[in-house]
Amino acid sequence: MATKIGVYFDQSSIGGGLDLESLADTVGGKWGDLTPVCKVFPVLADKKARDEIIADIEEEGLDGVLLCGASPRVDWDLYEFEGVLVDRVNLREQGVLSYKNPDGSLPDPEAAPQLLEALVTDYVNMGVVRLQKTTAPDGSPSEGVRRVLVLGGGWTGLTAATNASLAGHEVVLVEKDEVLGGRALGLLKTVPLSHPYTDVHDTGIEKKIAAVQGDANITVYTKAKLAKLSGQPGDFTATIALASGEQEVKVGAVVLATGWQPQDTKVLEPFGYGSLQNVVTAAEFEKLAKNGGITARRVAFILNTALAEPADPYAEVCAEAPAEAPAPAEGEAAAPVVKDHESVRHLPISNAISSVVALKQAGYVCDAFEGGQAFILYDSMVVQGIHERFYKAAQDRLGVMMSKAEIRSITQAADGSLNVLCDKTLIGDDIEINVDMVVLPTGIVPATAKDPIVNFDYRQGPAFPDLELFEGYADSNYICFPYETRRTGVYAAGCVRQPMMLDAAEEDAVGATMKAIQCIESANRGVAVHPRSGDLSYPLFNFVRCTQCKRCTEECPFGALDDDEKGTPKPNPARCRRCGTCMGACPERVISFANYNIDQIGSMIREINVPPDMKKGGPRVVILACENDAYPALDMAALRGKHWSPYVRIIPVRCLGSVNAIWVADAMSKGIDGVMMLGCKYGDDYQCHFVKGSEICKRRKENIAETLNRLGVEPDRVEQYEVAIDEYDKLPGVIEDFMNMILEKGPNPFKGY
Ligand code: SF4
Ligand code: SF4
């Protein structure tokens, strides 16, 4: 808790006609002994200013430094003073730059209007109280285990194991089969992985296997499974089930590289799979090729997701069996399990994999027989990046014919051959192609779809939480944080994460391994991993007040909290991502962080000067802005010349999930006229950096609305908005609309009480 705070203003970044000397006097006068130093520097980032602050710290015994100027997102690494709490007040972006007069006009740059002075004074006072209510987080460092556990001994797992070992980490690799190599071992050839990217070649999986087997740093368990994973990053206990019994191994982090499994072939039935002879999946065709068993000289590779007539098979399949999915690829790729028919048709990644696999296997037919013929029929041929070269080479290949087409029917001729009736091809309608074999894309799903694989010994259960849309794929924020799962310390790579080819899986393995190592190092230092990398704080529990309601354990998006038999939460700091969702959930205000807590934000709200008469002094609105997207979006809007009402006061929050209803109550009882909550997008296609935070907030808001209703306060005085960082330009309009609504409603009925 800061008890002696030096407050410093940066003239160079604020300006705006503000009389900063007078503001410094006002702040110093209000807070007295708490702020023994209040100074204005021409340039805060200057060495002279820094030296003077260091001198003040020594002479005045300051334990807190409050810097008022540009956004804390700017020059954040410039302002560190050892042993002293440092905080920033954003007077540039969210003060002078974004200010506009209530009538919409811009202020005279030479003379700050009264409302701008009121605005910045509020912000500085809020900054002082925030620092006053902050203590230095001490982290929870512990010298942990640095060993990496790799699950899966296929292409991705072998790459991950080798890379972790190269980085100096001991590795334990667990493979369910008797031999290493996984599905790559069953491939005759791979689509080209290196220059000139025109010809198929051997996968090279044997080299990867040999590298792992020859590495003394890597212990391999085959015919093994992870029976249980307990503990937390840096201190996991992995119970490995072996033929000889169970073995416990201490590991620091896990790379999940268990690949994919074939999907139910039900979706292929309309194409004759299971009813017609010689209709096979791409995976089955690969197996034939690998074993030298291709006997078909004329083969049709069909990439269409549905028959043109009479009905759309997936529409029915999806309606009846929502966990089923389309079938794109062969042995190297996975297709997400989807429920929505439109998604079935337009899965770009799985389509890309189906496409290049068909190109590869068409080549097998031409290689196997002189005069072999391969027909690739598609509704969309999707080839990504460098694989375009392979596509072009295949176009020139004698014996390969490809065309956009609608498939009307596939029927068996009397001689056992197959007739494929196509429509809307590049050469005309109603074309019938007679072939010996039809190859359909293999529908495949992640290995985690039907088996928890990791078997977490966590309060929230053994499996990864997954998304409804992509059932079975370990869920995390795929936009910002690839590899992460919703279980800190476990990083997914390869087809267990999303459909991909061998080259992408190789990159994935390296990325996930780096993440695992970063996690181990962070756990050892007692800091958060992502997205609040380096944060030393973690949730603290005042158990005296805990009613064992279990809301915190149930709502934590990352399964970080376990509980005892009575329901008392048991924190696992290294699993925690410091989002504060538990703090927002707790009705008893049991949970806090050293540098972020209920009292702190409540006190900031109470520092806002609310004029008793809205008609004279204008309304006041608090914006609780998520620090991940909404807060930077506001900064970006200001930097790009956007302006908003001088009546709003912005408070950054870690995530809307951390917003406790008591803050809204604090605001309402203070006479604040409205509360805007700006957070990330939620739903299956979420962008929320803490996965569920903004969604949970939405749910809690409905409860708040009920409470407000009971109190006779219009519930729409508290609104939540979804904001992505690139939507900065729409934010001023959103604020404007909200302010107009508040002006129309009139004052908060609690104003003045
Ligand atoms: S809700 Fe967030 S802050 Fe709380 S324990 Fe879980 S990860 Fe940590
Ligand atoms: S939400 Fe609060 S009261 Fe409920 S179990 Fe968690 S800490 Fe205890």
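Ala, Val, Leu, Ile, Met, Phe, Trp, Tyr, Cys and Pro count here as nonpolar, Asp, Glu, Lys and Arg as charged, and the others, Gly among them, as polar. On that basis, the lining of the largest pocket divides into 21 nonpolar, 11 polar and 10 charged residues. The model is predicted.

Strand S4 (85–90), H5, H16 and S28 each give two or more residues to its lining. Domain 1 (1–135) and domain 5 (596–753) both contribute to that lining, so the largest pocket lies between them.

Helix H6 (155–166), strand S8 (225–232), strand S12 (260–262) and helix H13 (502–525) each supply two or more lining residues. By class, this lining has 18 nonpolar, 12 polar and 8 charged residues.

**Helix H16**

H16 (residues 598–606) is largely enclosed by the rest of the structure, because 7 of its 9 residues are buried. They are Ile598, Gln600, Ile601, Gly602, Ser603, Met604 and Ile605. Their cover includes helix H5 (114–132), helix H15 (581–585), strand S26 (591–592), strand S28 (648–653) and helix H19 (661–670).

**Ligand 1**

Ligand 1 is surrounded by 14 residues. Cys556, Cys576, Cys579, Gly580 and Cys582 are the closest. The shell has 10 nonpolar, 2 polar and 2 charged residues.

Technical notes
Residues are numbered from 1 along each chain as its sequence is written. Chains are lettered from A and ligands numbered from 1 in the order in which they are written. This is a predicted model: local features need pLDDT of at least 70, side-chain atom pairs count only at pLDDT 80 or more; totals for chains, interfaces and linings use all residues. Side-chain values use heavy atoms; hydrogens and water are left out. A residue is near a molecule or strand if one of its heavy atoms lies within 4 Å of it. Buried means under 20% relative accessible area, exposed over 50%, partly exposed in between (1.4 Å probe, protein chains only). Helices (H or I, at least four residues) and strands (E, at least two) are DSSP runs, numbered from the N terminus. Contact means heavy atoms within 4.5 Å. Domain bounds come from an automatic or database domain assignment.
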